[in-house]
Amino acid sequence: MSIVVTGATGLLGNLVIQHLLKKVPANQIVASVRNVEKASDLEKLGVEVRHGDYMDFESMKKSFDGASKLLFISSPDMDDTLRVRQHANVVQAARDAGAKHIAYTGYAFGEESKIPLALVHMATEYAIRTTGIPFTFLRNALYTEVFVNPGLGGAVERGELVTNAGTGVLNAVTRNDLALAAATALTEDGHVNNTYNLVNSEPWSFDKLAQVLTEVSGKKVVHRPVSYDEMKDYLINVGLPKPVVEMSAGIYQAVSEGETSRTSEDLQKLIGTPTSLEDLVKQALQA
Ligand SMILES: NC(=O)c1ccc[n+]([C@@H]2O[C@H](COP(=O)([O-])OP(=O)(O)OC[C@H]3O[C@@H](n4cnc5c(N)ncnc54)[C@H](OP(=O)(O)O)[C@@H]3O)[C@@H](O)[C@H]2O)c1
């Protein structure tokens, strides 16, 4: 039995490996990485490290040799069309290497999403289906860390949290909880040909986040809702680069329009109760 994990030098992939190490012996885990030197810590833990680049079919195929399970972590490339090519390479390599099971980290409720990235994830799920290989679709929520991070210290100092998310709610989940869900699905029976929408069953609003910030910091913080254009001006004024400004305001806008409001019990069934917003805010403000 060997479980091959792609993107293992990334934040999510590394956490998946840490969780896998608690469930199976290290010699059953293989890290497929594009930069082998970056994976020396994994090697020290007894994980086999193989070179695999999403752009290079042969390297991917070799890295999947003998995979009884494969966790394919989606590419971080910003070019969605290129990303579809990379993903097709990975899927074809898994098929040709004879992988017995593919788990793929997609995007929650991708078929009804309005964000362009969802198309990449749905295309990849369909590509996996063309192989006939048993699959598990791990459709991840947005990462909570995108919203709850040490940057919130600034909101506490200013006494306000400014977003254009309005009263929209967010079903975000931490990378660590998503990694545990992936490691669980890879090591337990009963997940073949299932699709899981790994979202928080208790979505929270930015009003709620401001309330938790107030409770945790002891300093009054309010959520100040602004328009999309006001948000962009605000972020430019605090010195963020233009692409980050566009992306951030775009994500908040999607939240305001309900993109991240749907709930599901799928995550809870795999890992139990996800980490609470209170705990995450405490960690973020201590960092
Ligand atoms: N749900 C969300 O909110 C959210 C947010 C951002 C991203 N994502 C998606 O979730 C994935 C995992 O997230 P993450 O936080 O772990 O991202 P990350 O830390 O950026 O890790 C991405 C991983 O992909 C690897 N990679 C990049 N290009 C590659 C290539 N051509 N061939 C092989 N490997 C390649 C990287 O290798 P190097 O270490 O060599 O760079 C790294 O190991 C991302 O890649 C992205 O598709 C989701």
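How much area is buried between domain 1 and domain 2, and what share of it do carbon and sulfur atoms give?

1. Ground rules. This is a predicted model, where local features need pLDDT of at least 70, side-chain atom pairs count only at pLDDT 80 or more, and totals for chains, interfaces and linings use all residues. Residues are numbered from 1 along each chain as its sequence is written, and side-chain values use heavy atoms, with hydrogens and water left out.

2. The domains. Domain 1 spans 3-140. Domain 2 is made of 145-170 + 201-262 + 269-286. These bounds come from an automatic or database domain assignment. Over C-alpha atoms, the domain centres are 30 Å apart. Domain 1 puts 7 residues into the contact (heavy atoms within 4.5 Å) and domain 2 puts in 4.

3. The buried area. The answer is about 480 Å², with 51% from carbon and sulfur atoms. Buried area is the accessible area (1.4 Å probe) that two parts lose on being put together, summed over both.

4. The salt bridge. Between the domains there is 1 salt bridge (a side-chain nitrogen of Lys or Arg within 4 Å of a carboxyl oxygen of Asp or Glu). Arg262 pairs with Glu112 in a salt bridge, and their closest N and O atoms are 2.7 Å apart.

5. The ligand. A backbone N or O atom of Leu12 lies 2.7 Å from a ligand oxygen. For a backbone N or O atom of Gly10, the distance to a ligand oxygen is 2.9 Å. Arg34 has a side-chain N or O atom 2.9 Å from an oxygen of the ligand.

Note on methods. A polar contact is a pair of N or O atoms within 3.5 Å; within protein, one must be able to donate a hydrogen and the other to accept it, and residues adjacent in sequence count only if both atoms are side-chain atoms.
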